[in-house]
Amino acid sequence: MLDKQQQAAIGFAYIIENLQTCSPFGEELARHTHAYPCEENARLCRELENVRLLAETVRSDAAREALSAAERALMQLKDVRRSVARSREMTLTDVEFFEIKRFLIKLDALAEAFSKIPCGERLNEIDIHPLPHALSIVDPDGMRAMTFRVSDSASAELAKIRRERKRVDAELRRDPVEGRDALEAERTLLAAREESEELRIRTEMTRAFAAHSHEAEQVIKCIARFDFALAKARLMCSRGGSIPKVYANGQRVLLNEMINPQTADALHSSGRKFTPVSIELLSGSTVITGANMGGKSVAVKTLALNVLLALCGFPVFCGEAELPHFAGIHLLCEDMEDNLGGLSSFGGEMIRFDGILSEIKTESTALVLLDEFARGTNPHEGAALVRAAVKYFNNRRGCFALITTHFDDVACCAPMHYQVIGLKNVEPAVLDAALAGNDASRASVLPKLMDYGLYRVASDVNPPRDALAICKAMRVSDEFMRCVNAEETKQ
């Protein structure tokens with residue numbers, strides 16, 4: 001799958017940062033999010049169903065109070081997993097018993113709120129219930145106080161020792177006191193006896209609680225899954241999205257009206273809007289052509305983001321999504337130099353590409369994304385490399401490859417070909433009028449005229465010639481453009 005740097009580049013880390021989990025358990029799941037392996041497709045589908053059910057609940061006014069109560073209870077939970085696990089190995093301290101007692105009391109409130117959530121009983125692998133027997137061990141008096149002290153009722157011997165200490169302390173408070181030295185010695189002896197008896201009682205309590213420790217850990221895992229799934233459902237409801245269909249033996253990738261929230265937010269801050277992208281991939285190679293500035297890279301990263309989200313059990317930011325359960329996602333984009341080896345950006349790209357070829361040999365299904373592949377060499381050799389890559393992936397069973405390029409005579413090798421709409425639908429007169437200002441205004445206006453959507457074209461259609469239109473629109477030197485026109489005429 002994608003490494004951390006690639007996940008950040010496509011906007012996955014941005015999604016994780018925007019998740020609003022309430023408990024330390026849900027937060028940890030979010031931090032360690034990973035894609036479900038192919039053999040766990042059923043578990044992935046159950047998680048996606050949980051998110052769907054919770055999203056429906058979030059949208060329901062009737063469930064608002066129960067969800068709010070559950071979230072408040074989640075926020076009050078402290079991480080007691082270490083203490084729970086330690087109970088099976090050594091005697092717990094007063095502080096650890098206090099933390100466990102507090103957790104179990106808060107668990108009662110969470111379980112009550114969870115029981116009132118309409119979809120609670122239908123959630124997969126999530127059962128949040130109180131642990132009354134465990135609580136009675138750490139709170140034998142049933143006072144439910146948010147403190148912990150070994151109770152006098154724990155043993156007659158402890159009660160007797162404490163009565164004696166109380167008597168001695170009272171005598172020592174009198175001034176003057178006859179026989180102070182003897183009283184202080186007696187007090188020290190009683191303190192040691194009290195500490196020993198408390199240790200004996202805490203050891204018994206620890207042993208009794210340890211019998212419930214595994215059940216407590218299971219409930220904590222359910223709390224984590226509930227918190228994490230609820231955070232994903234809330235994100236889906238606030239940002240828009242849908243539940244993807246991930247098939248163990250899927251035959252196509254279909255993503256309609258997909259967006260990239262990180263890019264969309266960046267565009268929104270500058271007064272622009274993200275253009276939703278739709279695409280369908282079949283096994284083999286699909287090519288996207290278009291001039292620079294046309295949005296090919298954004299389309300690739302948006303696809304990578306939404307596929308990764310789906311495989312991690314997240315809603316996707318699409319109107320509709322269907323995909324196979326990929327064993328691997330491989331992304332090759334941007335210039336990356338191999339500084340240690342002294343390689344050029346092209347050399348580094350080829351090493352990474354060869355690594356991808358090795359990895360997909362062991363994967364039953366793979367998504368390969370190559371953005372402007374082989375752009376670091378001359379156009380003749382670059383086009384040959386891209387054509388070879390298209391043909392190679394056409395013959396790899398279970399491989400879905402998406403390759404963006406501006407080279408000619410590449411798409412003809414691919415079963416499916418898309419182009420970026422770009423300036424296709426902008427009239428020349430409209431373009432000239434819009435870009436009639438100074439250099440700064442032209443730089444800001446041009447992106448607003450671009451249509452970053454994709455449309456399906458025949459495989460033998462060459463890339464659009466938006467590059468020259470952009471040069472003209474940006475008022476590049478007339479003298480230079482005459483030279484360009486002369487070169488175009490020769491071809």
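Trainee: In which kind of crossing does α7 pass α10, left-handed or right-handed?
Mentor: α7 passes α10 in a left-handed crossing, that is, the near helix is turned anticlockwise from the far one by less than a right angle. Before we go on: this is a predicted model, where local features need pLDDT of at least 70 and side-chain atom pairs count only at pLDDT 80 or more, while totals for chains, interfaces and linings use all residues. Residues are numbered from 1 along each chain as its sequence is written, and side-chain values use heavy atoms, with hydrogens and water left out.

Trainee: Which residues make the contact between α7 and α10?
Mentor: From α7 there are Asp94, Phe97, Ile100 and Leu104, and from α10 Arg202, Met205, Thr206 and Phe209. Contact here means heavy atoms within 4.5 Å. By class, the contact of α7 with α10 has five nonpolar, one polar and two charged residues.

Trainee: And at what angle do these helices pack?
Mentor: Helix α7 (residues 94–115) and helix α10 (residues 180–210) pack at about 40°, and their axes are 12 Å apart. That makes α7 oblique to α10, since angles under 35 degrees count as roughly parallel, over 145 as roughly antiparallel, 65 to 115 as roughly perpendicular and the rest as oblique.

Trainee: Zooming out, how many helices and strands does the chain have?
Mentor: The chain has 19 helices and ten strands. Those are DSSP runs numbered from the N terminus, with helices being H or I of at least four residues and strands E of at least two.

Trainee: New topic: is Leu255 buried or exposed?
Mentor: Leu255 is buried, with a relative accessible area of 1%; buried means under 20%, exposed over 50% and partly exposed in between, with a 1.4 Å probe and protein chains only. Leu255 sits in strand β2 (residues 252–258).

Trainee: What is Leu255 in contact with, beyond its neighbours within four places in sequence?
Mentor: Its partners are Val277, Ser278, Ile279, Leu303, Val307, Cys318, Glu320 and Ala321.

Trainee: Where is Gly26, and which residues does it touch?
Mentor: Gly26 lies in helix α3 (residues 24–31). Leaving aside neighbours within four places in sequence, Gly26 is in contact with Thr21, Ala224, Asp227 and Phe228. Gly26 is buried too, at 0% relative accessible area.

How values were computed. Axes are lines fitted to C-alpha atoms, for helices over the stretch in contact, and angles run from 0 to 180 degrees between N-to-C directions. Ala, Val, Leu, Ile, Met, Phe, Trp, Tyr, Cys and Pro count as nonpolar, Asp, Glu, Lys and Arg as charged, and the others, Gly among them, as polar.
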